[in-house]
Amino acid sequence: MTAPPGDVPRGRTRITTRALTRLIARVTADALAVAADQVTVGLTDAAGRLSVHVRAPIGIGALTGPSTGATVLERAERAQKHIRHETARLTGTDVVRVVVQVTGALIRSTPRRPQRAPRAEGRRVL
Amino acid sequence: MTNIDPTPHTSTVIDGLSTGTGKTVIHDSVVSKIAGIAAREVTGVYALGGGAARALGAIRNAISSTDLSQGVSVEVGETQVAVDISLVAEYPIELQKVADDVRFAVITAIETLVGMQVTEVNITINDVHMASDDDDTDPAEARVQ
């Protein structure tokens, strides 16, 4: 991945796929309220522009708890815009499209007692 | 491309600095060390070097002999220098901004301290460091206390 030529005097800037992948995974994780290691990022070249495909579960608050007000579909759509915007802002690459594939739901149950706290990930429901 | 090893044999005689009473020789390792010091001071730079260099760097740090030119490779000519730097950026900084800041810092340092002209500073951002990477403690465990 190379920065657009002409903008940068005296030398080029290269961002490796690893850096790009990890950054997008983190942005996606934040948008979907899951851990970054649960996100799979696919990057493809679309005529010199960047095409992003992310696969991740979506984190959902306890079903018995207060509602967040947004449906999964709305949140996924918001996440898609967020990923596109943040990737472009942070990496300076030209993002042509972002595909968000929600692979499952992570229901977060709030821990009741400090001791014997459940795993932070909660229960995974497909 | 000059490889940075502990005992570099390459060096440069700067014509502009040589007078009738002697000549000034600047080793490649001096230039790369100055570039390394300048680069690692830039905000948003977490570390210099790639995976292998950083693993080795961690060991060197442990025995307090930090390699300041880690991740820096220089090509020194008669009066000009070209620099290649690989680094790990700190999330959530803008990568292009870090690269531009590093480029500026390195050019400024070399041109003022060494007095040679910098033709180009190529920067490779090979990874992004997340603050959560250092978090080895299990969140469930942290809640207990």
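This is a predicted model: local features need pLDDT of at least 70, side-chain atom pairs count only at pLDDT 80 or more; totals for chains, interfaces and linings use all residues.

Me: In what order do the elements of chain B run from the N terminus on?
Reply: They run β-β-α-β-α-β-β-α-β-α. That comes to four helices and six strands in chain B. Here helices (H or I, at least four residues) and strands (E, at least two) are DSSP runs, numbered from the N terminus.

Me: Ok. What share of chain B do buried residues make up?
Reply: Of its 145 residues, 41% are buried. Buried means under 20% relative accessible area, exposed over 50%, and partly exposed in between (1.4 Å probe, protein chains only).

Me: Which residues touch the most other members in the largest nonpolar core?
Reply: That core has 60 residues, and V83(B), I85(B), L87(B), V102(B), V106(B), I110(B) and I125(B) touch the most other members. α3(B) gives the most to this core, with nine residues. A nonpolar core is a set of buried Ala, Val, Leu, Ile, Met, Phe, Trp, Tyr and Cys residues joined through side-chain atoms within 4.5 Å.

Me: What does V83(B) touch, leaving out residues up to four places away in sequence?
Reply: Its contacts (heavy atoms within 4.5 Å) include V72(B), V74(B), V106(B), I110(B) and N122(B).

Me: Tell me about N122(B), then. Buried or exposed?
Reply: N122(B) is buried, at a relative accessible area of 12%, and is found in strand β6 of chain B. Leaving aside neighbours within four places in sequence, N122(B) is in contact with G11(A) and R12(A) as well as V83(B), D84(B) and I85(B). Its side chain also makes a polar contact of 3.3 Å with the side chain of D84(B). A polar contact is a pair of N or O atoms within 3.5 Å; within protein, one must be able to donate a hydrogen and the other to accept it, and residues adjacent in sequence count only if both atoms are side-chain atoms.

Me: What about T124(B)? Which strand is that in?
Reply: T124(B) lies in β6 of chain B, residues 117-129. Its relative accessibility is 19%, so T124(B) counts as buried. Among the residues T124(B) touches beyond four places in sequence are R14(A) and T16(A).

Me: Switching to chain A. How far apart are the end C-alpha atoms of helix α2?
Reply: They are 27 Å apart. Helix α2 of chain A has 20 residues (72-91) and should span 28 Å at 1.5 Å a residue, which agrees. The expected span is 1.5 Å times one less than the number of residues.

Me: Which residues of α2(A) are buried?
Reply: R75(A), A76(A), A79(A), I83(A), E86(A), T87(A), L90(A) and T91(A). Seen down the axis of α2(A), they fall within an arc of 100°, so they line one face of the helix. The arc is that of the directions from the helix axis to the C-beta atoms.

Me: Why would they line up like that?
Reply: An α-helix has 3.6 residues a turn, so residues three or four places apart point the same way.

Me: What does that buried set pack against?
Reply: The buried residues of α2(A) pack against β1, α1, β3 and β4 of chain A, together with α3 of chain B. On the other side of α2(A), L73(A), R78(A), K81(A) and H85(A) are exposed.

Me: Where is the cis peptide bond?
Reply: It joins Y91(B) and P92(B), with omega about 5°. P92(B) lies in the loop between β5 and α3 of chain B.

Terms used
Residues are numbered from 1 along each chain as its sequence is written. Chains are lettered from A and ligands numbered from 1 in the order in which they are written. Side-chain values use heavy atoms; hydrogens and water are left out.
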